[in-house]
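Please read this briefing with the structure open beside it.

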Amino acid sequence: MMKKLYKWDLIHYFNQLKWVFLGTLFVTALAAIFKTFSDTNIILGSLYNTAFIMSIAGIIIGLVYSFFAIFQRYYNTILKDEAYFTHTLPISKGKILLSKVLSGFSLFLIAILVAAALLIWIDVINLKELFSLQSIDQGLFWMTILSISSMVIMFFVFIVVIYAALTFGFSYNKREWLYVFVYFILYYMANQFLSLINFGINLLINPNLLDVENTEVFTALSGILIVQLIFSIGLGVLNFYIARALMIKKLNLKNG
């Protein structure tokens, strides 16, 4: 049943976003075609610029739309009318929540991969320059890879946090969105506190952290980034269990 729930969410996302992605793919293909002849034909050069701008706009719209679609789907199927069906499924609350997290993260990964592929196609992202960085400065190269990986993991955690915040807010009968905001404030304070601890730990390990030379900056930052990532994953796990507990014991479904 968990697999079916995951599949239903992905099908819903596909039906909701397919025209945005297909339209962006179309104008990106036009931009790539027009670019081939843009140096020899002024009209095609002008069309290339137009198609290029429309492609970038479509990519941004697709990413933003995907972002909000994830949380809109959770809101509708867990907290509003559709939740009456969702919560009667023969599956535990933890598995329902996990399927929502995985389907939302899958949509995010698909959207990012599609956006990256389109940006590579129109030469906004140059893979040759990225990989040539490895031979120029390995520290900077691996720092870039680590930063990208961290952002992907952090978005996974962010999905869980938003789900937990929504579930917390809608555990009350009144001023639900105020409680959602309060939850975010508490999460932000906890995250900042852990960041301070992280910096303190790294400062104890390396007392000269603030005085490192330019060639050692990336080594110093990587330690901070890795520890912060561990803390963030821990917060993500905690938020998952908070959301799960609230779904089981204290969820106030909204009609309309």
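A residue is called buried if its relative accessible area is under 20%, exposed if that area is over 50%, and partly exposed in between. Tyr 163, at 1% relative accessibility, therefore counts as buried. The model described here is predicted. The protein chain holds eight helices and zero strands.

**Overall make-up and confidence**

- From the N terminus on, the elements of the protein chain follow the order α-α-α-α-α-α-α-α.
- The protein chain has 256 residues, and buried residues make up 36% of them.
- The protein chain has a mean pLDDT of 83, with 87% of its residues at 70 or more.

**Helix packing: α1 with α4**

- Two packed helices are described by the angle between their axes and by the distance between those axes.
- Helix α1 spans residues 2-37 and helix α4 spans residues 93-121; their axes come within 10 Å and cross at roughly 15°.
- Angles under 35 degrees count as roughly parallel, and so α1 is roughly parallel to α4.
- The α1 and α4 crossing is right-handed.
- In the contact of α1 with α4, 18 residues are nonpolar, six are polar and three are charged.

**Helix packing: α1 with α2**

- The axes of α1 and α2 are 7 Å apart, and the two helices pack at an angle of about 165°.
- Angles over 145 degrees count as roughly antiparallel, and therefore α1 and α2 are roughly antiparallel to each other.
- The crossing of α1 and α2 is left-handed.
- The contact of α1 with α2 is made up of 21 nonpolar, nine polar and three charged residues.

- A pair of aromatic rings is described by the distance of the centres and the angle of the planes.
- The structure has 19 aromatic pairs.
- How far apart are the ring centres of Phe 67 and Phe 155, and at what angle are their planes? The centres are 5.7 Å apart and the planes are at 55°, so this pair is tilted.
- Phe 67 is in helix α2 (residues 42-79) and Phe 155 is in helix α6 (residues 138-169), so the pair ties together parts that are 88 residues apart in sequence.
- Is Phe 155 buried or exposed? Phe 155 has 12% relative accessibility and so counts as buried.
- Phe 67 is partly exposed, because its relative accessible area is 24%.

**Aromatic rings: Tyr 74 and Tyr 163**

- Tyr 74 and Tyr 163 form a stacked aromatic pair, with 3.9 Å from centre to centre and 10° between the planes.
- Tyr 74 belongs to helix α2 and Tyr 163 to helix α6, so this pair ties together parts that are 89 residues apart in sequence.
- Tyr 74 is buried, because its relative accessible area is 0%.
- Tyr 163 is buried too, at 1%.

**The aromatic cluster**

- Which residues form one aromatic cluster? They are Phe 67, Phe 68, Phe 71, Tyr 74, Phe 105, Phe 108, Phe 155, Phe 156, Phe 158 and Tyr 163.

- Arg 175 lies in the loop between α6 and α7 (176-205).
- Arg 175 is not a glycine, yet it has a positive phi of about 55°.
- Arg 175 is exposed, because its relative accessible area is 55%.
- Arg 244 is in helix α8 (residues 217-249).
- At 32% relative accessibility, Arg 244 is partly exposed.
- From C-alpha to C-alpha, Arg 244 and Leu 97 are 6.8 Å apart in space, although they are 147 residues apart in sequence.
- Asn 49 lies in helix α2, and at 45% relative accessibility it counts as partly exposed.
- Asn 49 and Ser 38 are 11 residues apart along the chain, and their C-alpha atoms are separated by 9.0 Å.

Methods. Residues are numbered from 1 along each chain as its sequence is written. This is a predicted model: local features need pLDDT of at least 70, side-chain atom pairs count only at pLDDT 80 or more; totals for chains, interfaces and linings use all residues. Side-chain values use heavy atoms; hydrogens and water are left out. Axes are lines fitted to C-alpha atoms, for helices over the stretch in contact, and angles run from 0 to 180 degrees between N-to-C directions. Helices (H or I, at least four residues) and strands (E, at least two) are DSSP runs, numbered from the N terminus. Angles under 35 degrees count as roughly parallel, over 145 as roughly antiparallel, 65 to 115 as roughly perpendicular and the rest as oblique. A crossing is left-handed if the near helix is turned anticlockwise from the far one by less than a right angle, and right-handed if clockwise. Ala, Val, Leu, Ile, Met, Phe, Trp, Tyr, Cys and Pro count as nonpolar, Asp, Glu, Lys and Arg as charged, and the others, Gly among them, as polar. pLDDT is the predictor's confidence in each residue, from 0 to 100. Rings of Phe, Tyr and Trp (its six-membered ring) pair if their centres lie within 6.5 Å; planes under 30 degrees apart count as stacked, over 60 as edge-to-face and the rest as tilted. Buried means under 20% relative accessible area, exposed over 50%, partly exposed in between (1.4 Å probe, protein chains only).
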